[in-house]
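Colleague: I have some questions about this model. Can you take me through it in plain terms?

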Amino acid sequence: MDAWLALTWRGAIHGPGLLEILPFALICPERLSGQHDSVSSWWPKFIPEKRVTELLAQYGLWLIFAVVLAEQLGLPIPAVPLVMLAGARVAEEPEYGVFALVVAVAASTLGDLAWYVAGRRHGHRVLRLLCRISLSPDTCVRQSESTFTRYGIATLVIAKFVPGLSTLAPPLAGALGMRPSAFMLCNTAGAALWAGAALVVGLLFAAQIDAALGALAELGAYAAGFVGLLLVLYVGWRWAERRRALRQLQSERLPPEELLAMLERGEQVTVIDVRSGLIVDAEPVRIPGALSIALEQIDAQLHSLPRDGRLVTYCACPNDVSAVRAALKLHAAGLRHARPLRGGIEGWQAAGYRVEGVVATPSA
């Protein structure tokens, strides 16, 4: 059989995929020549194998462009194995590596630019949309914010090497008001570094790739079925855990109207804004009288918080995850009356309640 076509699926945007059976034959199908009866038994008889090989060889660069663009737009399609296959072909056709690098960088930049523009126009609403695609949406924005806080503009150079950050970094850069020229420079450098690294790895491990393809071909549909079963079990477990956690949080979060009533009655309530400095800079308002203590600084600021009375934490992230984590930290320190605010600052504003301006102090 001249070519073997397998598909790859990654479980989530923000982490490594379980099923990495990506089309190892899509770039260099000639490396898979040979007879594999186990594969031939289920290969569609109505598709001429020679024609498939010709199509794959002819449209390999277009395939790289499409897959890299799709990944950068947020689809769960890992592009690294495909770029690595292009690198394996470089040993036989050195000029192919140059073409593959240019195509991968162009596709990556195009997808990133679309999210950057969306981030500038729609702010953190775009980040929440992206996070809802993931199986682990609750922490992806916060982790991206922390990385930007630590590395600044250099985050764009390393973003594609960090699971989950690759798709989130461009819209976050746009939401934070990064200059277009600075974004294009650093993002293109990061795309070139990422694509170049994948090509080099494919070139260095071309023999090992051949061996892996041979093993997968021998196992045939049994291997794909087993890995597919693992993926289904993993997704099912994550979904069940997520539903359980959301039900628990729903019962513990404080509705905005209840907080307002407590404040109007003059009850002893301390409201804590746990948003990062980057997010406060992007939206410099807060609930009147709230203390600005970033999530990472909660432990260091425990001594300044009252031991009596209620504590209410809020943030601006999916499912109020940072506020929940802050409340859990307060519980662990003995402040058992801490509760997260349902909907965060956006839920408060959506209810029509008053906010006040604030000058953000970036968290350490």
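Modeller: Start with a term: patches are made of residues with over 30% relative accessible area and no salt bridge, where like charges are joined within 9 Å and nonpolar side chains (Val, Leu, Ile, Met, Phe, Trp, Tyr) within 5 Å. Accessible areas come from the Shrake-Rupley method with a 1.4 Å probe, and for residues only the protein chains shown count as cover. A salt bridge is a side-chain nitrogen of Lys or Arg within 4 Å of a carboxyl oxygen of Asp or Glu. This is a predicted model, in which local features need pLDDT of at least 70, side-chain atom pairs count only at pLDDT 80 or more, and totals for chains, interfaces and linings use all residues. Residues are numbered from 1 along each chain as its sequence is written, and side-chain values use heavy atoms, with hydrogens and water left out.

Colleague: Which residues make the nonpolar surface patch?

Modeller: Tyr 151, Ile 158, Phe 161, Val 162 and Leu 193 make it, with an area of about 420 Å². Val 162 sits in the loop between α8 (155–158) and α9 (165–175); helices (H or I, at least four residues) and strands (E, at least two) are DSSP runs, numbered from the N terminus.

Colleague: Why does Val 162 count as partly exposed?

Modeller: Because its relative accessibility is 31%. Buried means under 20% relative accessible area, exposed over 50%, and partly exposed in between (1.4 Å probe, protein chains only).

Colleague: And Thr 155, buried or exposed?

Modeller: Thr 155 is buried, because its relative accessibility is 0%. Thr 155 belongs to helix α8. Beyond four places in sequence, Thr 155 is in contact with Thr 147, Phe 148 and Leu 165, contact meaning heavy atoms within 4.5 Å.

Colleague: What about Gln 72, where is that?

Modeller: Gln 72 is in helix α3 (residues 60–72). Gln 72 counts as buried because its relative accessible area is 1%. Leaving out residues up to four places away in sequence, Gln 72 touches several residues, including Trp 115, Lys 160 and Thr 167.

Colleague: New topic. Where is confidence lowest and where is it highest?

Modeller: Confidence is lowest in helix α1 (residues 37–40), with a mean of 42, and highest in strand β1 (residues 269–273), at 95. The score is pLDDT, the predictor's confidence in each residue, from 0 to 100. The protein averages 75, and 68% of the residues score at least 70. Over residues 1–56 pLDDT stays under 50.

Colleague: How many salt bridges are there?

Modeller: Eight. One of them joins Arg 253 and Asp 320, with the closest N and O atoms 2.6 Å apart. That pair links distant parts of the chain, 67 residues apart: Arg 253 is in the loop between α12 (221–252) and α13 (256–264), and Asp 320 is in the loop between β4 (310–314) and α15 (321–332). Both Arg 253 and Asp 320 are buried.

Colleague: What does Arg 286 meet in a salt bridge?

Modeller: Glu 356, at 2.8 Å from N to O. Arg 286 is in strand β2 (residues 285–286) and Glu 356 in strand β6 (residues 356–357), 70 residues apart. Glu 356 counts as partly exposed because its relative accessibility is 22%.

Colleague: Last one: what should helix α5 span?

Modeller: Helix α5 (residues 94–122) has 29 residues, so at 1.5 Å a residue it should span 42 Å; the end C-alpha atoms are 43 Å apart, which agrees. The expected span is 1.5 Å times one less than the number of residues. Just after α5, Gly 123 takes a positive phi of about 65°.
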